[in-house]
Amino acid sequence: MHLKEFKLEAEALFSETVYGHGFLHYGYFPDGQPEEPSLIALGEAQQVYFDHMVSHIPEDVTRILDVGSGTGANAKALMARGYQLECLCPSEQLNRMARRKLPDVNVHTLSFEDFSSDARFDMCLFAESFHYIELRSALEQAARYADKYVLIFDYFRRRHREDRGDDTRGTHAAFLETVKEMGDFEVVSDVDETGLILPTFWILDHVKNARVRPFVERLRGDLKASSGIRPFVFEKVLSRVAKRAAKPSNRHETFPQRHEYRLILLKKT
Ligand SMILES: C[S@@+](CC[C@H](N)C(=O)[O-])C[C@H]1O[C@@H](n2cnc3c(N)ncnc32)[C@H](O)[C@@H]1O
């Protein structure tokens with residue numbers, strides 16, 4: 001398992017057990033930075049993100065394919081609003097969580113690139129999942145399965161990275177170019193929401209720098225000073241994780257330099 005998958009599954013566990021909702025996307029802060037940089041504020045802002053995203057679903061949509069459905073939290077909340085859902089996500093662990101919430105929904109365990117079905121939907125939804133998928137495959141599959149719309153709420157890189165070796169996590173310019181070249185969609189709306197997502201990182205940086213880091217550094221110091229097998233086990237097994245946790249974080253500064261977070265609605269031509 002890759003570290004990224006492990007991180008997602010750990011975040012899913014946290015989101016389900018602490019917040020109860022299970023959202024895996026960032027928070028959305030239309031009123032700016034909250035007074036306190038607390039995880040509770042972040043959990044609430046994830047709900048605001050969902051509400052904001054839903055307000056952009058066109059009225060003639062009923063059937064939705066939730067691509068990268070995570071723990072099924074978006075799908076569950078969408079069903080409560082009367083939509084019909086099908087879910088797709090490559091992680092079996094996340095899908096187990098989704099099936100618990102959605103016993104009557106089809107939850108497919110595969111990547112969108114490998115999805116093959118006779119089913120068709122009014123809209124394909126990508127809630128912070130578009131950047132995981134190779135750009136052209138994502139759009140070609142969306143053109144196949146969405147009869148009317150594609151809604152993307154996700155981030156793009158500001159600059160192309162030659163060294164990535166694949167076409168995931170691309171730039172917004174490359175996205176627009178591919179949409180134009182394919183000719184299957186027109187862009188109905190395309191809004192830069194980076195500033196309203198950003199307090200997510202202010203909170204996470206604060207939690208890490210002011211809480212987790214001092215805790216881990218103290219723990220490392222105590223363990224190094226102790227005798228017996230514990231310092232050895234710690235160095236061998238946990239030191240990489242602890243070193244990572246002890247690194248200062250400033251994503252609230254680096255995220256907007258490297259990424260733009262956008263809400264995009266495409267309509268089938
Ligand atoms: C950040 S999570 C977002 C989950 C959910 N949409 C939400 O808003 O809470 C990204 C999701 O995309 C999924 N994903 C990763 N690669 C994918 C792929 N190639 N095709 C479809 N989904 C993928 C992950 O497993 C995860 O469920």
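**Exercise 1. Cavities**

About 70 Å³ of space lies in the largest cavity of this predicted model. Find out how many cavities there are and which residues line them.

*Solution.* Start with the search itself: over the whole structure, 2 cavities of 30 Å³ or more turn up.

Next, take the largest cavity. Its lining is made up of Phe130, His131, Ile133, Leu135, Tyr155, Phe156, Asp167, Thr168, Arg169, Gly170 and Thr171. Sorted by class, that gives 5 nonpolar, 4 polar and 2 charged residues.

Now turn to the second largest cavity, with a volume of about 50 Å³. Around it you will find Arg157, Arg159, His160, Arg161, Arg164, Asp166, Asp167, Thr168, Arg169, Gly170 and Thr171. Here the classes come out as no nonpolar, 4 polar and 7 charged residues.

Arg169 sits in the loop between strand 5 (146-157) and helix 6 (172-182). Its phi is near 50 degrees, a positive value in a residue other than glycine.

**Exercise 2. A glutamate in strand 7**

Is Glu260 buried or exposed, and which side chain does it meet in a polar contact of 2.6 Å?

*Solution.* First place the residue: Glu260 belongs to strand 7 (residues 259-268).

Then check the accessibility. Glu260 has a relative accessibility of 11%, so it counts as buried, the cut-off being under 20%.

Now the partner: the side chain of Glu260 makes its 2.6 Å polar contact with the side chain of Arg262.

Last, look further along the chain. Beyond the neighbours within four places in sequence, Glu260 is in contact with Asp154, Tyr155, Phe156, Arg157, Arg158, His172, Asp192 and Thr194.

**Exercise 3. Aromatic pairs**

How many aromatic pairs are there, and which parts of the chain does the pair of Tyr49 and Tyr261 tie together?

*Solution.* Begin with the count, which comes to 19 aromatic pairs.

Take Tyr49 and Tyr261: their rings are 6.2 Å apart centre to centre, with 85 degrees between the planes, and the pair is edge-to-face. Because Tyr49 lies in helix 2 and Tyr261 in strand 7, the pair ties together parts that are 212 residues apart in sequence. Tyr49 counts as buried, at 0% relative accessibility. Tyr261 is likewise buried, at 0%.

Compare Phe130 and Phe175, another edge-to-face pair, at 5.6 Å centre to centre and 90 degrees between the planes. This pair links Phe130, in the loop between strand 4 and helix 5, with Phe175 in helix 6, 45 residues apart. Both Phe130 and Phe175 are buried.

To finish, follow the ring pairs onward: they link Tyr26, Tyr28, Tyr49, Phe153, Tyr155, Phe201, Phe255 and Tyr261 into a cluster.

**Exercise 4. Helix 3 and its cover**

Which residues of helix 3 (residues 73-80) are buried, and what covers them?

*Solution.* List the buried residues first: Ala73, Asn74, Ala75, Ala77 and Leu78.

Then see what lies over them. The cover includes helix 2 (39-54), strand 1 (63-67), strand 2 (84-88), helix 4 (92-101) and strand 4.

Methods. Residues numbered from 1 in each chain as written. Predicted model: local features only at pLDDT ≥ 70, side-chain atom pairs only at ≥ 80, totals over all residues. Heavy atoms only, no water. Helix = DSSP H or I, 4+ residues; strand = E, 2+ residues; numbered from the N terminus. Buried < 20%, exposed > 50% of the residue type's maximum accessible area, 1.4 Å probe, protein only. Polar contact = N/O pair within 3.5 Å; in protein donor to acceptor, adjacent residues only side chain to side chain. Contact = heavy atoms within 4.5 Å. 1 Å grid on protein atoms, 1.4 Å probe; cavity = no way out; pocket = protein on both sides within 12 Å on 5 of 7 lines; lining within 4 Å. Points joined across faces, edges and corners; volume = space filled by probe spheres on them. Nonpolar A, V, L, I, M, F, W, Y, C, P; charged D, E, K, R; others polar. Phe/Tyr/Trp six-rings, centres within 6.5 Å; stacked < 30°, edge-to-face > 60°.
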